[in-house]
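Please keep the coordinates open while reading.

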Amino acid sequence: AKPSAAKPSAAKPSAAKPKVLRQKQPPGVFDVGSLDRQALETFVVDDLKQPKFRAKQLREWIYDKGIDDFTNMTNLPAKWRTDMSERGLTIGGTIAGTRAEQISQRDGTIKRAYELRDGSVIESVLMPYNDGRRTACISSQAGCGMGCTFCATGQMGFSRHLTAAEIFEQASRFSRELRRRGERLSNVVFMGMGEPLANYNNVIEAARRIHDELGVGARHITISTVGLARGIEKLADDPLPVTLAVSLHQADDESRSAIMPVNKRYDLETLLSSINNYQRKTKRRVTFEWAAIQGENDDEQAARKLGKLLKRHSVKDAHVNVIPLNPTKGFSGKKSSNVDTFCRTLQDEFRISATPRVRR
């Protein structure tokens with residue numbers, strides 16, 4: 001699990017309380033949106049007894065126009081639209097409903113707690129930026145088993161892996177909403193609840209659908225990890241060229257193990273070796289997430305320790321995102337006063353780009 005931290009924005013967070021919603025679909029529904037391109041064609045032809053081109057029409061309505069109500073798909077036969085609804089077919093029914101929603105009055109960030117069909121609750125966020133980007137932050141697990149001490153999700157414990165459809169639907173839902181108002185989803189980050197590389201196959205399947213069906217460029221899909229070296233090795237060999245982000249937060253084993261138990265399994269030597277191999281194979285930049293903890297890892301000395309670590313392991317193309325820490329048990333979330341100095345030290349002394357982020 002990554003720290004409960006926010007992504008870049010120039011705006012301050014809203015203090016608005018979450019709006020509690022109770023929008024649920026009836027049990028027994030079948031989500032057409034859970035089917036990938038090939039599966040949808042097979043379903044339309046074999047189960048619905050319709051010609052193959054109907055599948056293409058459905059995809060256009062769902063993914064190009066953002067329509068999730070069959071009655072509004074006006075170029076489909078009226079009887080077929082009625083039949084699909086009566087049969088319990090839905091678009092998006094993989095998510096049973098929205099448990100709560102909070103919309104920032106400052107920057108328009110939308111935070112949602114979704115309830116899944118088995119009652120599990122996950123979180124997703126849509127972040128708009130002034131430059132036109134629309135970024136979805138989505139979950140890959142219900143809960144998380146990584147146990148990071150600064151992360152609210154890590155303190156909850158692990159419930160289960162999400163299916164590929166449950167992961168995809170979080171992004172697809174935001175995409176449909178944006179399409180309906182003439183906008184598009186531009187970026188997706190796997191930085192919500194859970195450890196993506198622990199649920200590797202479902203995450204990669206969802207990422208491929210986000211690329212193929214929602215039109216999000218592979219380089220604009222970021223998969224974040226606490227440092228599962230074996231998963232990084234697998235990602236290096238995957239043909240989908242997504243961006244890798246690694247939650248680092250400390251630059252020595254003792255300090256990192258104290259806040260991230262995964263470091264006892266994959267220490268920094270093992271982790272950085274896998275990253276070095278990843279870069280050798282892919283020639284792609286790696287982003288490091290660094291939660292700034294006031295007085296612990298946010299000064300010039302900490303920056304120099306990080307810079308030396310990356311240089312020693314020949315990490316040639318790296319970017320460091322210095323992110324604010326949200327309050328959790330054991331951490332106050334007090335804003336670091338040294339972030340600018342930390343970033344400047346990395347840039348000036350090690351030529352490693354670093355960006356301070358603002359809490360959303």
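In this predicted model, T98 has Y114 of strand β5 as its bridge partner. A further bridge into β5 links Q102 with K111. Both pairs illustrate how strand β4, residues 95-103, lies alongside β5, residues 110-116: the two are antiparallel and are joined by seven bridges.

On to the next strand. β5 is also joined to β6, residues 121-128, by six bridges, again in the antiparallel sense. A113 is found opposite E123 of β6. Here too the connection is a hairpin, with four residues between β5 and β6. The turn contains G119, with a positive phi of about 95°.

How many of the residues of β5 are buried? Six of its seven residues are, so the strand is mostly covered. For β4, seven of the nine residues are buried, and β4 is therefore largely enclosed by the rest of the structure. As background for reading any such strand, side chains in a regular strand alternate between the two faces of the sheet.

The chain as a whole sets the context. It contains eleven helices and 15 strands. Of its 360 residues, 59% are buried.

Among the helices, α2 covers residues 53-64 and α5 covers residues 164-180. Two packed helices are described by the angle between their axes and the distance between the axes. For α2 and α5 the angle is about 80° and the axes are 8 Å apart. That angle makes α2 roughly perpendicular to α5, because the range for this term is 65 to 115 degrees. On the α2 side, the contact is made by I62, Y63 and D64. On the α5 side, F168, S172, R176 and R179 take part. Sorted by class, the contact comprises three nonpolar, one polar and three charged residues.

The length of α2 can be checked against a simple expectation. Its twelve residues reach 16 Å from the first C-alpha to the last, close to the 16 Å expected at 1.5 Å a residue. The buried residues of α2 are R54, A55, Q57, L58, R59, W61, I62 and Y63. Their cover includes α1 (37-47), α3 (78-86), α5 and α6 (200-214). An α-helix has 3.6 residues a turn, so residues three or four places apart point the same way. After α2 comes G66, with a positive phi near 75°.

The buried residues of α9 are L268, L271, L272, S274, I275, N277, Y278, Q279 and T282. These residues pack against α7 (229-237), β12 (243-247), α8 (253-259), β13 (286-292) and α10 (300-312). K283 follows α9 and has a positive phi, near 60°.

Strand β13 holds T287. Is T287 buried or exposed? Its relative accessibility is 12%, so T287 counts as buried, the cut-off being under 20%. Apart from neighbours within four places in sequence, T287 is in contact with L244, A245, V246, H319 and N321. T287 and D317 are 30 residues apart in sequence, with their C-alpha atoms 8.8 Å apart in space.

Two loop residues remain. Most residues other than glycine have a negative phi, and most peptide bonds are trans. K49, in the loop between α1 and α2, has a positive phi near 55°. K49 is exposed, at a relative accessible area of 65%. S314 lies in the loop between α10 and β14 (318-324), and its phi is likewise positive, near 55°. At 36% relative accessibility, S314 counts as partly exposed.

Technical notes
Residues numbered from 1 in each chain as written. Predicted model: local features only at pLDDT ≥ 70, side-chain atom pairs only at ≥ 80, totals over all residues. Heavy atoms only, no water. Axes fitted to C-alpha atoms, helices over the stretch in contact; angles between N-to-C directions. Parallel < 35°, antiparallel > 145°, perpendicular 65-115°, else oblique. Contact = heavy atoms within 4.5 Å. Nonpolar A, V, L, I, M, F, W, Y, C, P; charged D, E, K, R; others polar. Buried < 20%, exposed > 50% of the residue type's maximum accessible area, 1.4 Å probe, protein only. Pairing = 2+ DSSP bridges. Expected span 1.5 Å × (residues − 1).
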